[in-house]
Structures are given as C-alpha cells and as structure tokens.
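Please open the model in a viewer and keep the selection tool at hand.

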Amino acid sequence: MQRKLVERELTLEGPRKKGGALKSRRSVTVNVAESPLGWLHAHGHLDDRLFAAGERLRSDYERAQLSPSTTMRWDPVRAKTTGEQDLTASERQLAARHRFNAALREAGKGLEDILWRVVCAGETIAVAEKALQWPSRSGKLVLKLALDRIAGFYRIN
C-alpha cells in the first residue's frame with residue numbers, strides 16, 4: 001500500500017491557526033494510511049465526511065488520554081471561558097473526554113464497540129469482527145453507520 005504522509009503540528013493549543021503565532025512550533029510527519037480508517041478511506045470504502053468524523057473522534061480520544069499532572073496546578077480559576085484556547089491543559093483534557101463520551105453516546109449502544117476498536121485502538125475490521133463475534137464482512141457496514149452518526153455529532157457536512 002502506498003504511504004500517505006501528512007505534516008501535523010504538535011502544540012498545546014492544537015493546530016496552528018492562520019495568521020496566529022504560537023510560541024513554539026514542532027511538527028511530526030504521520031502516515032495516515034497506517035490506520036485502518038486511513039486504509040478504508042484510501043481504498044474508497046469511506047468518503048471524506050466519514051473519514052473526517054473518525055479523525056475527529058481519534059483526536060478527542062488522544063487528547064483525553066494525556067497524562068495527568070503530577071503536581072498541583074496553581075492556575076487562576078476563571079468564572080467564564082470563551083473557548084477551548086482559554087482552557088488550561090487539564091481543562092482541555094476534560095473537554096476532549098466529554099466530547100469523546102458524547103460522540104460515543106451519539107453513535108448509540110452497540111456501535112461504540114466498533115468505533116473504539118477501529119478508530120481508537122487501530123484494529124482492522126476483520127480483527128474487530130472476530131473479537132465482537134460478528135459475521136464476516138459486517139463490520140464495514142456497521143462502522144459506516146457509526147461514523148455517520150458521529151459526523152452528525154461533530155457537525156461535519
């Protein structure tokens with residue numbers, strides 16, 4: 001399979017906004033074709049909308065799994081926030097965890113299993129089908145249904 005390399009920035013605030021300056025710039029080259037979701041997209045089994053929904057879910061999953069601080073945080077407490085860029089690292093982690101859990105609830109009972117296994121854990125469709133004791137060739141259809149539901153949750157058109 002052909003490699004599909006994408007340059008991604010690593011910042012605490014997330015991807016760099018156009019025209020906005022960040023203090024530090026670090027980036028990493030990622031082969032998005034390595035993930036089962038990327039493979040399905042590259043072979044035409046998923047459209048751009050479903051792939052984007054899966055990437056958003058994976059991004060929230062990874063952000064929610066950040067290691068916790070080992071010392072007490074002395075950040076000032078704010079009564080009102082205007083967006084995620086104003087949040088501390090711990091608050092961004094909690095916000096990502098809430099989005100992730102809400103997206104799985106939106107997918108519905110029974111569909112969160114295939115989403116977590118393929119999108120987050122990186123299992124192939126065949127391995128996920130076997131682990132869930134599903135019939136062969138049913139996982140792709142169920143995954144598409146689940147991704148369609150979370151695309152609605154993330155408001156991806």
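**Stop 1**

Select Arg58, which counts as buried because its relative accessibility is 18%; buried means under 20% relative accessible area, exposed over 50% and partly exposed in between, with a 1.4 Å probe and protein chains only. The model is predicted, so local features need pLDDT of at least 70 and side-chain atom pairs count only at pLDDT 80 or more, while totals for chains, interfaces and linings use all residues. Residues are numbered from 1 along each chain as its sequence is written, and side-chain values use heavy atoms, with hydrogens and water left out.

Arg58 and Glu62 are four residues apart in helix 2, so about one helical turn separates them. Glu62 is partly exposed, at 44% relative accessibility. With the three selected, a network of salt bridges links Glu55, Arg58 and Glu62.

**Stop 2: from helix 2 to helix 3**

Select Arg99 and Asp60, whose side chains meet in a salt bridge (2.8 Å, N to O). This pair links distant parts of the chain, with Arg99 in helix 3 and Asp60 in helix 2, 39 residues apart. Arg99 is partly exposed, with a relative accessible area of 21%, whereas Asp60 is buried at 3%. The structure holds five salt bridges.

**Stop 3: the largest nonpolar core**

Which residues have the most contacts inside the largest nonpolar core? They are Leu57, Ile114, Leu115, Leu143, Leu147 and Ile150, in a core of 29 residues. Such a core is a set of buried Ala, Val, Leu, Ile, Met, Phe, Trp, Tyr and Cys residues joined through side-chain atoms within 4.5 Å. Helix 6 gives the most to this core, with six residues.

Centre the view on Leu57. Leaving aside neighbours within four places in sequence, Leu57 is in contact (heavy atoms within 4.5 Å) with Phe100, Ala103, Leu104, Leu115, Val119, Ile150 and Tyr154.

**Stop 4**

Show helix 4 and helix 6, whose axes come within 9 Å and cross at roughly 95°. Axes are lines fitted to C-alpha atoms, for helices over the stretch in contact, and angles run from 0 to 180 degrees between N-to-C directions. The two helices are therefore roughly perpendicular to each other; angles under 35 degrees count as roughly parallel, over 145 as roughly antiparallel, 65 to 115 as roughly perpendicular and the rest as oblique. Select Ile114, Leu115, Val118 and Val119 of helix 4 with Gly139, Val142, Leu143, Ala146, Leu147 and Ile150 of helix 6, which make the contact.

Finally, show helix 3 with helix 4: the axes come within 9 Å and cross at roughly 130°. This pair is therefore oblique. Phe100, Leu104 and Ala107 of helix 3 meet Glu112, Leu115, Trp116 and Cys120 of helix 4 in this contact.

Technical notes. A salt bridge is a side-chain nitrogen of Lys or Arg within 4 Å of a carboxyl oxygen of Asp or Glu.
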